[in-house]
Amino acid sequence: MKLTNLQIDSLYKFTRQHYVYHYDVQSELVDHLANDIEEIWEENPKITFENARDKSFKKFGIFGFMDVIEAKQKQMNKRYWKILVRFAKEWFTLPKIITTSLIFLGFFFLLQIQYSEYILLGTLLILIIFEMIAIYKIRKEHKKKEKENEKIFLLEAMIGTTKNGFTGFTMVNLFNFINLTSFNFSGLETYWLVLIAFVITLLCIFFYVSNYVIPEKAEELLQETYPEYKMVKSL
């Protein structure tokens, strides 16, 4: 016995009711549940669809779909970081390496100026504010999509939120470190200034790539990751 389209749709709703919000994760779980339900029917054709579904769901354990969700998030998080590093590497090849070098030299000479830590604090504060505004807009957009029952893929959500987990977290910690320690960069040895300037340059590159480059290429990246993406979004 095969599942009907209505039963498949009800499985999607079932996964959503159990806190599975992203379409690609839902699809994987629905496929698993559907195959398992059909196997249950082969053994016991008289069992109802709902009972077979619940029997299949119990096999996931007391945490339900949470383990699957966590595993998919880890998997997609690795993919996101590969994408981030891929675009960041471009800033160390011609012609972008010229811009990267200028940014590095700018920070290197800035760090040698007295009270340069206050300039850095101001810069970090501005970047943090930009991050917070971006987080608010993206979450608002995702809530709107959820209300309209629009399908959201896991990587699609990560493009808007995971970046904040790195750049925002790093900037806040760096801001706190400089602010609380009253660090005097101008008194450091040259090799420390080189290292710090390089780290700040990297942070700026990651900030730009995650906030501007990846979102601009979101459609291309999503189609690359999900062959069904374009078809699903057009429905």
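1. The model is a predicted one. Helix 1 is the greatest contributor to the lining of the largest pocket, supplying 4 residues. Helix 1 spans 5–17, and helix 2 spans 23–43; each of the two provides at least two residues of that lining.

2. The largest pocket holds about 430 Å³ of space. It is lined by 13 residues, and those closest to its centre are Tyr12, Arg16, Gln26, Asn149 and Lys151.

3. The loop between helix 1 and helix 2 contains Tyr19. The backbone of Tyr19 deserves attention: phi is positive, at about 70 degrees, although the residue is not a glycine. Is Tyr19 buried or exposed? Tyr19 counts as exposed because its relative accessibility is 54%, and the cut-off for that class is over 50%.

4. A further backbone feature is the peptide bond joining Leu94 and Pro95, which is cis, with omega about 0 degrees. Pro95 lies in the loop that runs between helix 4 (66–89) and helix 5 (96–111).

5. On the surface there is a nonpolar patch formed by Phe92, Tyr191, Trp192, Leu195, Phe198 and Val199. Together these residues have about 610 Å² of accessible area. One of them, Tyr191, belongs to helix 8, which covers residues 190–216. Tyr191 has a relative accessible area of 56% and is therefore exposed.

Terms used: Residues are numbered from 1 along each chain as its sequence is written. This is a predicted model: local features need pLDDT of at least 70, side-chain atom pairs count only at pLDDT 80 or more; totals for chains, interfaces and linings use all residues. Side-chain values use heavy atoms; hydrogens and water are left out. On a 1 Å grid over the protein atoms alone, a cavity is a set of points where a 1.4 Å probe fits but cannot get out, and a pocket is an open set with protein on both sides within 12 Å along at least five of seven lines; lining residues have an atom within 4 Å of a point. Grid points are joined across faces, edges and corners, and a volume is the space filled by probe spheres set on the points. Patches are made of residues with over 30% relative accessible area and no salt bridge: like charges are joined within 9 Å, nonpolar side chains (Val, Leu, Ile, Met, Phe, Trp, Tyr) within 5 Å. Accessible areas come from the Shrake-Rupley method with a 1.4 Å probe; for residues, only the protein chains shown count as cover. A salt bridge is a side-chain nitrogen of Lys or Arg within 4 Å of a carboxyl oxygen of Asp or Glu. Buried means under 20% relative accessible area, exposed over 50%, partly exposed in between (1.4 Å probe, protein chains only).
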